[in-house]
Amino acid sequence: MKKFENKVVLITGASTGIGRATALAFAEEGATVVAVDVDDLAFAETEKLLSGTGSKFVYYHCDVGQVEEIRQMIDYVETDLGRLDYAFNNAGVEGDQAFTGVSTEDNWNRVININLRGVWACMRFEIPLLLKSGGGAIVNCSSIAGIVGFPGVPAYVASKHGVIGLTRAAALEYAQQGIRVNAVCPGVIDTPMVQRFTGGNPDVEAYLKSSEPIGRMGRPEEVADAVLWLCSEGSGFVTGHALTVDGGWVAQ
């Protein structure tokens, strides 16, 4: 029997990068995957990959910046699938690069709305369904920028710090009700977000690789492995934790 057979997992930001890798990893372990995103075109490739796993999956278009869309999404999961066992709240944006003194209110509002308010709103509706389903696990996607500061992306750093605080609060609230809540904090991972940051510049890519003590960028699949562990019975005594998957970056 596969590790997550007969279980339902919801993954936001599932069309590319870490979300796609995590959706595939859960599907390969037998889970029914609710893959959530706003990028319908990007999901076409993910759909092909999920189809090859033999597991059931559905795609749901949802903007996590819109609370009503999240409520409707969870209603759909309950009505059509009958339960929810795990959630990976992964959707996020990096926002514009600018120092705090010249950053814009529009950028602040957009990044906080998606990265932090969106995670809260997802949890707001996921938790009641998890309780109805007998418990489960939530993993929120923070970042090493949720642990240390980075210049030029103040909204992103604030949002990712907020995700860790939210994770810890919810972990304490539901620790005795069968729901574990943890976060993953990826380092420099080879994803479309990082590719946008480098702009394909080999010098920037080389710098990012050299900043990692392990000497390379991480792979989305390596973060996916951490998410699956945090949802598995193997991490049954782990809650309220922010797990770095960063090649040793924050250990420096």
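User: Is Asn 115 buried or exposed?
Analyst: Buried means under 20% relative accessible area, exposed means over 50%, and partly exposed lies in between, with a 1.4 Å probe and protein chains only. Asn 115 has 0% relative accessibility, so Asn 115 counts as buried. This is a predicted model: local features need pLDDT of at least 70, side-chain atom pairs count only at pLDDT 80 or more, and totals for chains, interfaces and linings use all residues. Residues are numbered from 1 along each chain as its sequence is written, and side-chain values use heavy atoms, with hydrogens and water left out.

User: Where is Asn 115 placed?
Analyst: Helices (H or I, at least four residues) and strands (E, at least two) are DSSP runs, numbered from the N terminus. Asn 115 lies in helix α4, residues 105-132.

User: Which polar contacts does the side chain of Asn 115 make?
Analyst: A polar contact is a pair of N or O atoms within 3.5 Å; within protein, one must be able to donate a hydrogen and the other to accept it, and residues adjacent in sequence count only if both atoms are side-chain atoms. The side chain of Asn 115 reaches the backbone nitrogen of Val 93 at 2.8 Å. The Asn 115 side chain also has a polar contact of 3.2 Å with the side chain of Ser 159.

User: Which residues does Asn 115 touch, not counting residues up to four places away in sequence?
Analyst: Contact means heavy atoms within 4.5 Å. With that exclusion, Asn 115 touches Ala 91, Gly 92, Val 93, Tyr 156, Ser 159, Lys 160 and Val 163.

User: At what angle do the axes of α4 and α5 cross?
Analyst: Two packed helices are described by the angle between their axes and the distance between the axes. Axes are lines fitted to C-alpha atoms, for helices over the stretch in contact, and angles run from 0 to 180 degrees between N-to-C directions. The axes of α4 and helix α5 (residues 154-174) come within 8 Å and cross at roughly 15 degrees. That makes α4 roughly parallel to α5; angles under 35 degrees count as roughly parallel, over 145 as roughly antiparallel, 65 to 115 as roughly perpendicular and the rest as oblique.

User: How do α1 and α8 cross?
Analyst: The axes of helix α1 (residues 17-28) and helix α8 (residues 220-231) come within 8 Å, crossing at roughly 55 degrees. The two helices, α1 and α8, are therefore oblique to each other. Residues of α1 that meet α8 include Ala 21 and Phe 26, and those of α8 include Val 223 and Leu 228.

User: Which element holds Asn 140, and is Asn 140 buried or exposed?
Analyst: Asn 140 is found in strand β5, residues 136-141, and is buried, with a relative accessible area of 0%. The side chains of Asn 140 and Thr 167 make a polar contact of 3.0 Å. Thr 167 is in helix α5 and is buried, at 1% relative accessible area.

User: How accessible is Arg 71?
Analyst: Arg 71 counts as partly exposed, at 29% relative accessibility. Arg 71 sits in helix α3, residues 67-81. A polar contact of 2.6 Å joins the side chains of Arg 71 and Asp 75.
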